[in-house]
Structures are given as C-alpha cells and as structure tokens.
Amino acid sequence: MLMILKQLSIFLENKPGTLSAPCRALADAGINIQTFALADTQKFGILRLVVHEWEKARRVLLDGGWTVKVTDVVAIEVPDAPGGLASLFEVFERGSINVEYMYPFTAKQEGKGLMLFRFDDPDAAVKALQANKVSVVGTVELFKRLGN
Amino acid sequence: MSKNYQPGPFHPASAMDYLPLPQLRDLQFQRLRAMVQRACDRVALFRQRMEARSLKPAHLETLDDIAKLPFTVKTDLRDTYPFGLFASPLTEIVRFHASTGTTGKPIVVAYTQEDLNDWTQVMLRSFAACGVHRGDIVHNAYGYGLFTGGLGAHYGAEALGASVIPISGGNTDRQVMVLRDFGATAICCTPSYFLHLIERAAGMGINFKDLPLRAGIFGAEPWTESMRQRIEAESGIKAYDIYGLSEIIGPGVAMECLHQAGPHIFEDMFYPEIIDPETCELLPDGAEGELVLTTLCKRAMPMIRYRTRDITSLNSEPCACGRTLRRIRRIGRRSDDMLIIRGVNVYPSQIESALLAVEGAQPHYQIVVDRQKGLDVLEVQVEVTAELFSDTVGGLEKLQAKLSRSVESVTGLRAEVRLVAPHTLQRSEGKAKRVIDKRKM
C-alpha cells in the first residue's frame with residue numbers, strides 16, 4: 001500500500017561509537033538518511049531511519065552485522081501553525097488510533113510540516129485519517145518532496 | 001530378528017559396533033595390555049607413575065584392573081609440552097593437532113599413520129551410525145587446521161564415500177550459498193554455528209526446511225536437549241550429538257545413532273570409566289560422574305585413564321539400534337565449569353535452557369560473574385537477533401524481563417539480562433566461550 005512507508009530500526013548498544021558505524025555504512029553505500037530518531041535507555045538504543053531505498057539499506061545493514069527490523073509507518077502533513085498538532089491528536093483520540101511513537105521530517109512545504117507516526121495498526125489508522133480529511137503523504141509523493 | 005527390525009544405517013566398518021559383549025571385553029583387555037606395555041616402554045612420565053605404584057603391565061590380569069592405573073590429566077600435556085608424551089619417534093608421526101586452550105600454551109597431540117587410519121574408521125562409523133552414506137553430500141564446516149574437527153570429519157566422510165565440501169569455518173554468507181547450491185544432505189559444525197547459519201539464511205530469504213539437508217553432526221561444545229529441539233524445529237533436520245576430544249583422538253570418540261538416545265562410545269577403541277571427580281572413586285554404570293577415557297589403540301600418544309572433566313553417566317541398557325556399545329548421557333556440563341554464585345551451584349547449560357525457554361531466543365549468550373561490594377553479581381548477555389528485536393523500547397524491556405525471570409526460575413538466582421548487539425559475543429567455530437568470571441577469589 002503506497003500510503004505506508006517503510007522504516008528501518010536498528011538495535012544498538014548504549015556505548016561510544018555505536019551510532020556512527022551504521023550511518024557510515026549507509027553513507028558508503030550512497031544512501032541518504034531522510035529522517036531519523038533515536039530511542040534510548042541506559043543500556044541500549046533503537047535507531048529508526050527513513051531512507052529512499054530501504055531494501056538496499058536493509059541489505060547494507062544486515063551485511064554489516066546489525067539487527068534490523070522493517071516497520072510500517074505513516075507520514076502525515078501537519079499545519080505549521082498553533083493548534084496543528086492538537087487537532088491531529090484529537091482525530092487520533094476520536095478514532096481510538098494508538099500512537100506508539102512519532103518524529104518529524106525537517107522538510108517543510110507551504111506552511112505545512114511533515115511528521116512520521118508509528119501506529120499499532122497502520123492500515124486502520126490511514127483509513128481513519130483519510131476519512132477525517134487528514135493529509136497522509138504516500139511514498140511516491142514523500143520522496144518527491146524530499147528531492148529524490 | 002524382530003518384525004520391527006529395519007535394515008538400518010550400516011556400513012561394513014560398523015560391524016565392530018555390534019560385537020557380542022564377551023568378545024568386546026576380551027578385545028578391550030588385550031588391547032589395554034599392549035597399550036600399557038607400550039606406554040611403559042616409551043613414555044617416561046607414565047613409566048615413573050607406574051614405578052611409583054610398583055605396578056607392572058603384567059599386573060593387569062583382568063579388564064577391571066584398569067582401576068589400578070594412574071590417571072592422566074590435562075596439565076600433564078601442558079607440563080610435557082610439546083612432545084613429552086609421545087610414544088612414537090618423529091619419523092613415525094605424520095600429523096599434529098593442537099587445542100587452542102584458553103590459558104597459556106596449547107595442547108599438542110600427534111598421530112602415526114595407523115592412528116589416522118583408526119580415526120578415519122571411527123569417524124566413518126560415526127557418520128554411518130546416523131544414516132549418512134555414499135551419495136550424501138557432507139558440508140563440513142568444522143574448522144580445518146590445528147583443530148581436530150575439520151580434518152577428522154573430512155577423512156571419515158571421504159572414507160565413507162560421501163561427497164565432502166571442505167568449506168571449513170567462517171564466511172557465513174558463502175556457507176549458506178554453497179549449502180543451498182550444492183544441495184548438501186548432511187552438515188558438520190558446532191550446534192551454535194548451525195543456529196547462526198539458519199539465522200543468516202533467513203536474512204537471505206532462505207529457509208532451511210526447503211533444502212535437502214537432513215542430518216547435522218554437531219559437537220565440539222556442550223549443548224542441551226532444548227537446543228536440539230530448537231535446531232530440529234527450525235531447520236527440519238535431525239540433529240545428532242557427536243563427542244570427542246583431541247587428547248583422545250578428536251571427534252569420533254562417541255556418536256549417536258538414529259535413535260538419538262545418547263552417543264555410543266566406540267569401545268573397541270576407547271575404554272570408558274566414570275569416577276567421582278572429588279574422590280576419584282570408580283562409579284557403576286548409570287551413576288553420574290566424570291568420564292575417564294583410555295585409548296586402546298593409539299600409538300603416537302597413548303592416553304591412559306585420561307580425566308576428561310566432562311560430567312555424564314554410562315548407559316549399558318540395550319539401545320534400540322542393537323549396538324552393544326555403551327552410551328554416554330548427553331554432556332551438558334564439565335566438572336570444571338560449575339559456577340558457585342552466592343553459594344548456589346550454577347552450570348552454563350542451565351542458563352542456556354532458561355534462555356531457550358523464551359520464545360524466539362537463540363543460545364548466543366555469555367555469562368559474566370562479578371563481585372560488587374562483596375556480593376556476587378550474575379549478568380547474562382544475550383544477543384538481540386532479528387527474531388527477538390521488537391522496534392519499541394517497551395518491547396525490548398519486556399524481553400529483558402522475560403529472559404531474566406526465566407533464568408531466575410531455573411537457577412534460583414537473580415540475573416541481570418543485558419541485551420547486546422548481534423555477533424558481539426565470541427562465535428564458536430571451536431568451542432564457545434560461555435563464561436567470564438571476573439571475581440578475584
């Protein structure tokens with residue numbers, strides 16, 4: 001489904017040097033990281049990335065010996081104005097859409113920001129969002145905006 | 001012959017597996033006498049120990065008299081490094097092997113041509129026992145080199161008439177490709193490396209269940225019954241336990257038959273005893289203790305009553321396969337790998353079972369024991385494999401707690417489970433390093 005994006009998650013131990021290595025491996029393969037987020041605890045972390053060619057990136061990371069998981073996420077347009085996020089979250093609440101985590105893209109267009117969401121049920125979430133006229137940005141459109 | 005008899009895996013060389021017991025005991029006694037005579041004549045250390053006990057080879061009147069002979073221990077091999085225990089001149093020695101040893105100098109073992117022939121025969125009988133035959137393709141991923149695993153399995157499988165892929169250890173991606181492309185039907189490696197292969201293959205989109213592979217000859221490190229179940233469930237092959245140690249000959253000291261009911265010792269070549277590791281008292285069949293082995297035919301390096309440190313028991317119950325060879329119970333622990341943590345006895349195999357009880361967990365782990373503020377602390381490091389990895393912090397913390405609870409329920413000890421990146425723990429191509437004890441005793 002084109003509305004669903006693929007995100008790569010990498011398991012990292014929380015110790016010096018573990019962040020640069022996967023990024024360097026992707027860089028050496030000519031893969032640009034569109035956006036990322038780091039979830040961490042005292043002992044380990046999860047690096048989450050969105051890249052254009054996720055299959056190639058996954059291969060590179062697996063070959064480098066990392067544990068990689070592919071997760072479905074959804075990109076949503078959020079008005080860059082007071083109340084933009086609040087209205088969006090209200091839609092989630094009305095639709096009982098459960099958010100596991102979220103992080104932004106740096107790209108902004110015509111006064112609208114882009115956020116990335118991980119829902120417990122991405123397909124149901126997309127349906128509910130579209131029914132509420134929330135602008136979900138699909139894969140093709142997203143990478144066009146990001147200049148790929 | 002019963003109606004249930006199935007013409008089983010059989011090779012002419014397997015005939016010795018079925019020797020009637022009186023003849024087997026006679027053969028063992030004859031060979032023992034000759035061996036002791038040879039060692040007395042040619043190995044200074046053994047001769048001195050016999051003299052210290054006023055013993056002569058002629059004093060051996062029955063097989064039971066073996067209990068009068070002095071033991072040999074691992075430090076004897078270190079103390080006489082490198083060639084001190086050889087009973088053959090170098091002109092007759094055609095091969096060396098060595099164990100890496102985790103501390104200090106390696107242990108060197110040597111073979112005459114006759115020894116190599118004998119070793120080939122026991123390995124051939126090992127393969128035959130688990131149904132490998134001419135026409136099988138044997139993927140041999142034991143390391144070739146000083147380690148006995150690679151060459152031992154190689155010669156045996158070749159003598160059997162199987163087609164051998166001498167791939168040795170390492171380069172896992174290529175191993176998976178060759179396994180699939182050559183259509184190997186049997187594989188030799190350590191059980192933990194096999195799990196690593198399955199995992200890597202899955203990452204490459206290859207399911208072992210779709211391959212013609214049907215038998216695994218696994219050894220060179222202690223493993224558990226739960227690991228066997230895991231291997232068989234994930235790959236659809238039969239996993240057989242092979243036992244051996246370089247001091248005795250290498251792999252092929254004992255091997256499981258198709259019934260997978262514990263490895264049969266090739267008793268015509270290696271005489272087994274079980275002793276109490278504390279008192280050295282001889283224990284009867286069925287009792288658990290340390291396995292002691294005597295080589296009955298070795299020329300270059302006879303081993304008399306070698307203390308293996310492996311804890312097991314001898315099973316003299318008849319096996320459904322009809323072999324008269326006694327079996328050893330699966331070796332899950334060694335007399336020297338027991339940890340005493342906060343006064344509780346713990347074996348690495350218990351921790352392995354506890355980890356494997358958790359869905360999706362792989363036995364890639366290391367146990368680290370430390371003493372903090374006078375208190376023993378047990379940490380179990382577990383590699384996060386693709387199966388275990390959930391994308392959320394909560395999921396990983398739940399996994400940590402589950403593993404920790406499982407270890408506590410098996411050992412009674414609180415354990416700190418630490419998730420580590422894959423492939424950070426030492427991989428076993430020889431023997432896995434499972435325990436790091438940082439305590440200063």
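Predicted model: local features only at pLDDT ≥ 70, side-chain atom pairs only at ≥ 80, totals over all residues.
Figure 1. Three residues stand out here: A:Leu5, A:Thr35 and A:Thr71 provide 49% of the area that domain 1 of chain A buries against domain 2 of chain A, more than any other three residues. The domain assignment places domain 1 of chain A at residues 5–71 and domain 2 of chain A at 72–145, and their C-alpha centres lie 23 Å apart. The contact draws 14 residues from domain 1 of chain A and 12 residues from domain 2 of chain A.

**Figure 2. A closer look at the polar side of the chain A domain contact.** One salt bridge is found across the interface of domain 1 of chain A and domain 2 of chain A. Look for the side chains of A:Lys6 and A:Asp72, which meet in a salt bridge at 2.7 Å, N to O. Across the interface of these two domains of chain A there are also six residue pairs in polar contact, both residues being at pLDDT 80 or more. On the side of domain 1 of chain A that touches domain 2 of chain A, strand 1, strand 2 (33–40), strand 3 and strand 4 of chain A each give at least two residues. By class, that side of domain 1 of chain A divides into seven nonpolar, five polar and two charged residues.

**Figure 3. Chain A against chain B.** Here the view turns to the contact between the chains, which takes 24 residues from chain A and 23 residues from chain B. Chain A and chain B bury about 1800 Å² between them, and carbon and sulfur atoms give 56% of it. On the chain A side, A:Phe11, A:Lys43 and A:Thr67 supply 32% of the area buried against chain B, more than any other three residues.

Figure 4. Three salt bridges are counted between chain A and chain B. The side chains of A:Asp63 and B:Arg200 meet in a salt bridge, at 3.5 Å, N to O. Polar contacts between chain A and chain B come to eight residue pairs, both residues at pLDDT 80 or more. To trace the chain A side, follow strand 1 (5–13), strand 3 (44–51), helix 2 (54–63), strand 4 (68–79) and strand 5 (99–109) of chain A, each of which supplies at least two residues of the side that touches chain B. Strand 1 of chain A gives the largest share of that side, five residues. The side of chain A that touches chain B holds nine nonpolar, six polar and nine charged residues.

**Figure 5. The two domains of chain B.** The domain assignment of chain B gives domain 1 (1–335) and domain 2 (339–437), and 29 Å separate their centres, taken over C-alpha atoms. Domain 1 of chain B brings 20 residues to the contact and domain 2 of chain B brings 21 residues. About 1800 Å² is buried between these domains of chain B, 49% of it on carbon and sulfur atoms. B:Glu199, B:Arg230 and B:Arg333 supply 27% of the area that domain 1 of chain B buries against domain 2 of chain B, more than any other three residues. Zero salt bridges are found across this interface of domain 1 and domain 2 of chain B, but four residue pairs are in polar contact there, both residues at pLDDT 80 or more. Helix 7 (191–203), helix 8 (225–235) and strand 16 (333–334) of chain B are the elements that give two or more residues to the side of domain 1 that touches domain 2, and helix 7 of chain B has the largest share, five residues.

**Figure 6. Two backbone details in chain B.** The peptide bond from B:Tyr81 to B:Pro82 is cis, with omega near -5 degrees. B:Pro82 sits in the loop between helix 3 (74–79) and strand 1 (93–99) of chain B. B:Ser54 has a positive phi of about 50 degrees although it is not a glycine, and B:Ser54 is found in the loop between helix 2 (44–52) and helix 3 of chain B.

Key:
Residues numbered from 1 in each chain as written. Chains lettered and ligands numbered in written order. Heavy atoms only, no water. Domains from an automatic or database assignment. Contact = heavy atoms within 4.5 Å. Buried area = accessible area lost by both parts, 1.4 Å probe. Salt bridge = Lys/Arg side-chain N within 4 Å of Asp/Glu carboxyl O. Polar contact = N/O pair within 3.5 Å; in protein donor to acceptor, adjacent residues only side chain to side chain. Helix = DSSP H or I, 4+ residues; strand = E, 2+ residues; numbered from the N terminus. Nonpolar A, V, L, I, M, F, W, Y, C, P; charged D, E, K, R; others polar.
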